[in-house]
Amino acid sequence: MGNELAVTQGTGLQMQQSKSGVTSSDIQFPSLQLIQKMSKVVDIHNVKPGGIFDSIENKVLIEESGTLEVMPIFMTKFWNVKKLDSNGEYVFQKRVPFSPLNAGWRYEGVCDEDNTTPVERQLVITWMVLLVQDMSLPYKCAFKGASFQNGKKLCTLVAKGEFMQLPPYGKVYNLTSVKEQNDKGTFWKFDVSSGRLATKEELEFGKRWENILCQAPVEKVVDTTDGDE
């Protein structure tokens, strides 16, 4: 890659052999987003529900039931907390890193500031992954709601690989969207399955990005300001 990222003294992440001046604080890592019926991209970009969307380049990466080959790099887990406002609606309040202190939280609770205002909490697993088709930049993939259990499935598959002395990116996994229906309507969720072993070149890219991302604070990599992501 002509403009690959590298770690430089004193400036965090910086574009190697580039005059752009881009550093870690300037990078907005893209997200892999499920296209639901009510997603804004359906109307704005005239796309069909069920696919997986690139949040930066505003394009559909795969249609419904298609498969993306991804290589996991690392995982974070946190709670999205919504607070009941004066209009009777739950609005995003904050994002709280998962820890032993809040492991017992439930979906419904009360605000920790006043201990009376109702809140709703959603546990989220976010993986930073490389797309095999383009390893120039990692993507965030958030498993929440109906997708959460499949985020745990990916954690289990990665742990199984690590037991066999493989790094998280030592295998390529198949990421797809799965259609489901309930009494509230039709929706799609992420699903994953184990794939092939990574090639030598893919392992080198995975290791390079692992080294780069480990030099940056997690909050610089996984955005903590957007509760909808």
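## Salt bridge between Lys-94 and Glu-113

In this predicted model, Lys-94 and Glu-113 form a salt bridge, with their closest N and O atoms 3.7 Å apart. A salt bridge here is a side-chain nitrogen of Lys or Arg within 4 Å of a carboxyl oxygen of Asp or Glu. Lys-94 belongs to strand β7 (residues 90-97), while Glu-113 sits in the loop between β8 (108-110) and β9 (118-131), so the pair ties together parts that are 19 residues apart in sequence. Strands (E, at least two residues) are DSSP runs, numbered from the N terminus.

Lys-94 is partly exposed at 22% relative accessibility, whereas Glu-113 is exposed, at a relative accessible area of 55%. Buried means under 20% relative accessible area, exposed means over 50%, and partly exposed lies in between (1.4 Å probe, protein chains only).

## Other salt bridges

The count by this rule is eight salt bridges. One of them joins the side chains of Lys-189 and Glu-180, at 2.6 Å from N to O. Lys-189 is buried, with a relative accessible area of 16%, and Glu-180 is partly exposed, with 29%.

Glu-202 and Arg-196 form another salt bridge, with the closest N and O atoms 2.9 Å apart. Glu-202 is buried at 7% relative accessibility, while Arg-196 is partly exposed at 34%. Both residues also belong to a network of salt bridges that includes Glu-69.

## An open sheet of three strands

Three strands form an open sheet in the order β3-β4-β5, with antiparallel pairing. Its edge strands, β3 (32-34) and β5 (59-62), each pair on one side only. Neighbouring strands in this sheet are turned by 45 degrees against each other on average, direction ignored. The axes are lines fitted to C-alpha atoms, and angles run from 0 to 180 degrees between N-to-C directions.

Strand β4 (residues 52-54) pairs with β5 in the antiparallel sense over three bridges. Two strands count as paired if DSSP finds at least two bridges between them. Asp-54 stands opposite Lys-59 in β5.

## Confidence and conventions

The protein chain has an average pLDDT of 85, and 83% of the residues score at least 70. Residues 1-15 have a pLDDT below 50, and this stretch has 40 contacts in the model beyond near neighbours in sequence. The pLDDT is the predictor's confidence in each residue, from 0 to 100, and a contact means heavy atoms within 4.5 Å.

Residues are numbered from 1 along each chain as its sequence is written, and side-chain values use heavy atoms, with hydrogens and water left out. Local features need pLDDT of at least 70 and side-chain atom pairs count only at pLDDT 80 or more, while totals for chains, interfaces and linings use all residues.

Key:
Helix = DSSP H or I, 4+ residues; strand = E, 2+ residues; numbered from the N terminus.
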